[in-house]
Amino acid sequence: MLHIFSDAPSVADYVSSALVEKIRSRPEVVLGLATGGTMEPIYARFVDQARRQRLDVSRLTSFNLDEYVGLSADHPKSYSAYMRHHLFGHLGFDSSRLHLPDGLARDLERHSREYSEKLRRCGGIDLQLLGVGGNGHIGFNEPGTAFDSRCHVVRLSERTRVDNSRFFDGNAIVPASAITMGMCEIMEAREILLVATGESKARIVAEWYRHEVTEAIPFTVLKRHARAKIILDEAAASLLPDSVRGSPAVASA
Ligand code: F6R
């Protein structure tokens with residue numbers, strides 16, 4: 001399940017090609033999408049590749065993992081704005097098929113249930129892209145989130161708010177909470193690509209490797225998924241045992 005590439009651009013090439021291939025073979029695919037720094041080079045590469053290959057993206061459906069509570073879709077720091085900037089504003093997507101939670105929903109609990117229900121009606125996720133937080137969160141499922149959780153409102157941990165403050169200008173405040181797909185929606189995806197790049201992810205990747213599946217490290221749940229790939233660059237893999245980094249199956253990636 002581990003694939004280690006030399007650097008982040010090589011990771012972006014691999015993931016972008018996997019996306020192109022998936023969409024080409026199944027134009028009505030349902031994608032689960034992530035935001036964050038890890039995804040930026042991947043989306044840039046994908047836009048470039050899709051454009052050059054005239055890939056038809058108009059029939060695909062997407063569900064984003066999460067959105068900050070309190071930010072409108074127009075807010076420049078919302079994940080809606082991120083997706084328009086890095087992906088949806090390019091190529092020929094059908095905006096009616098692109099879904100993100102609404103950070104301004106009046107009844108957040110109800111909105112979470114409806115988001116989950118909408119995803120279920122679309123048949124669930126075929127291919128889920130994931131990043132991982134320095135504390136092991138996937139989506140915004142922070143350490144301790146129950147594995148049987150569905151889309152819900154979450155209070156962001158201090159660690160996550162500090163990590164994500166780099167995306168907020170100056171002293172702008174990182175929202176305290178978010179709506180996130182739960183562990184169930186993520187694990188029900190038929191295929192998962194989790195991507196971690198850079199030295200800042202080395203510690204959590206090593207912990208993932210060492211630990212049994214535990215709610216204390218949400219990322220570990222992927223060990224139970226039959227079709228999850230963990231895609232790393234050498235920096236993110238740098239604290240894994242040498243025997244793992246050097247094994248032919250891994251090194252061939
Ligand atoms: C984003 C998300 C998060 C990020 C994670 C890593 O939609 O769900 O789990 O994937 O926080 O973020 P970066 O890539 O910025 O390190």
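Student: Why do H2 and H3 count as oblique to each other?

Tutor: Start with the general idea. Two packed helices are described by the angle between their axes and the distance between the axes. Now the case here, in a predicted model. H2 and helix H3 (residues 79-88) pack at an angle of about 40 degrees. Angles under 35 degrees count as roughly parallel, and 65 to 115 as roughly perpendicular. H2 and H3 are therefore oblique. Their axes are 9 Å apart.

Student: Which residues make the contact of H2 with H3?

Tutor: H2 supplies Met39, Glu40, Tyr43, Phe46 and Val47. H3 supplies Tyr82, Met83, His86 and Leu87. By class, that is seven nonpolar, one polar and one charged.

Student: Next pair. At what angle do H1 and H2 pack?

Tutor: Read this pair by angle and distance again. Helix H1 (residues 8-25) and helix H2 (residues 39-52) pack at about 50 degrees, with axes 8 Å apart. H1 and H2 are therefore oblique to each other. Their crossing is right-handed. From H1, the contact uses Ala12, Asp13, Val15, Ser16, Ser17, Leu19, Val20 and Ile23. From H2 come Pro41, Ile42, Arg45, Phe46 and Gln49. These residues divide into eight nonpolar, three polar and two charged.

Student: How far is a polar side-chain atom of threonine 38 from an oxygen atom of the ligand?

Tutor: That distance is 2.4 Å. Lysine 201 also has a side-chain N or O atom 2.7 Å from a ligand oxygen. For threonine 35, a side-chain N or O atom is 2.8 Å from an oxygen atom of the ligand.

Note on methods: Residues numbered from 1 in each chain as written. Predicted model: local features only at pLDDT ≥ 70, side-chain atom pairs only at ≥ 80, totals over all residues. Heavy atoms only, no water. Axes fitted to C-alpha atoms, helices over the stretch in contact; angles between N-to-C directions. Helix = DSSP H or I, 4+ residues; strand = E, 2+ residues; numbered from the N terminus. Parallel < 35°, antiparallel > 145°, perpendicular 65-115°, else oblique. Left-handed = near helix turned anticlockwise from the far one by under 90°. Contact = heavy atoms within 4.5 Å. Nonpolar A, V, L, I, M, F, W, Y, C, P; charged D, E, K, R; others polar. Polar contact = N/O pair within 3.5 Å; in protein donor to acceptor, adjacent residues only side chain to side chain.
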